Amino acid sequence: MKFLVLFVGLILVLPGSVHAQVLENFKSHTEYLASDALKGRGTGSSDIRVAADYIARQFESIGLRPVSKGSYFQRFAIPEYAEMESNVIGMILSASPTDRSVVFTAHYDAYGFIESEAGGDAIYNGARDNAIGVAALIELARMFSNGDPPAQNLVFIATAGEEIGSHGSRYYVENPSFPASEITINLNIDGFNISGPRADFFVMPRQGIDFVDEIESVAGSLGWKYRSPDWIDGMNSSFDTSRFLEKGIPAVTIWTGNTLNNGETANPPKLGGIHTPEDEISELWDWDGVEDHLALYEAIADYFLAHPDGISVTDPSLFVQ
Ligand SMILES: [Zn+2]
């Protein structure tokens, strides 16, 4: 009986500690990538190579398959930059061979180190934009690699050169690991919930695509309410998603909103603006909603892994840069 109690106790305790580990991992990726040591991960800098190496080591430790001959780097040139940049790509192959893939992206470049005449902080840490997105990418890769082999190939890409023209995603779409015409969907992560537990979410884009209903229904089964703010009406052709969408490949970014679990509207503290030296990790951050947001991405990916057909980009021209 004592053994039984112990055993039951273990079962009850284990999931909690696994979850705690996910959050600890997530924090440590974010803290490292957004640290001053990496000087804002600017395109063309030596610092962004350090970030790329870190992501590749994470992919290796998770057991992701490299994109080419033992390397996680997909190197490409950016016009007017002397150095090559690299997408960092790890894959999980499908249970049985298929050309179909679900592609996760999160850009790891930020604005780098920019001194101003006024002096002051010159490091554009890119914590919310997009160290946390890369942390989410790595932990989603771990979640899927801990599960059964997927029904389609899974591709996890930390993209380079996003802030200066979404170069990494453009290069991947033109040089994909699995045929571009067979990409089921790109699930992009750019920013992540560090505002505490939330009950609502929204997607971008919501126009020019025909699969918002599917996402709403999957999210609804987890208790999420779809609530699209008005400002999202403006299209943004600079996002990594747009390099997929303009080619007619479904793509979407999923953000959480401001509705608390009790239905009230949160009044979140004002955080340092993105694309400024103030985009740093702050004591105002509340990490308690991270795992729910990860679970939302996981559920949406699971849905499209099981339902690869019947979704489309109804107006690719909306996303052309
Ligand atoms: Zn971004």
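**Figure 1. Strand β9 and its partners in the predicted model.** F201 stands opposite Y226 in β10. The chain passes from β9 through helix α5 (residues 212–221) to β10, and this β-α-β crossover is right-handed (with the strands pointing away from the viewer, the path from the first strand over the helix to the second runs clockwise). Strands β9 and β10 (residues 225–226) run parallel and are joined by 2 bridges; pairing requires at least two DSSP bridges between the strands. With β11 (residues 251–256), β9 pairs in the antiparallel sense over 4 bridges, and T253 of β11 is the bridge partner of M204. Because 4 of the 5 residues of β9 (residues 200–204) are buried, this strand is largely enclosed by the rest of the structure. A residue is buried if 20 or more other C-beta atoms, placed from the backbone, lie within 10 Å of its own, exposed if 12 or fewer, and partly exposed in between. Helices (H or I, at least four residues) and strands (E, at least two) are DSSP runs numbered from the N terminus. Residues are numbered from 1 along each chain as its sequence is written. As this is a predicted model, local features need pLDDT of at least 70 and side-chain atom pairs count only at pLDDT 80 or more, whereas totals for chains, interfaces and linings use all residues.

Figure 2. Y124 counts as buried because it has 24 C-beta neighbours inside 10 Å. Leaving aside residues up to four places away in sequence, Y124 touches G40, A110, Y111, G112, I114, T276, P277 and D279; a contact requires C-beta atoms, placed from the backbone, within 7 Å. Y124 and G112 are 12 residues apart along the chain, and their C-alpha atoms are separated by 5.3 Å.

**Figure 3. The largest nonpolar core, with 76 residues.** Such a core is a set of buried Ala, Val, Leu, Ile, Met, Phe, Trp, Tyr and Cys residues joined through C-beta atoms within 7 Å. The residues with the most contacts inside this core are I55, V88, F104, V134, A136, L137 and F156. Helix α3 (residues 127–146) gives the most to the core, with 11 residues. Not counting residues up to four places away in sequence, A136 touches A106, I189, F192 and L294.

**Figure 4. Helix α4 (residues 167–174) and its cover.** In this helix, 7 of the 8 residues are buried, namely H167, G168, S169, R170, Y171, Y172 and V173. The elements covering these buried residues include β2 (73–76), β3 (85–92), β4 (101–107), β7 (153–159) and α6 (240–245).

Methods. Contact = placed C-beta atoms within 7 Å.
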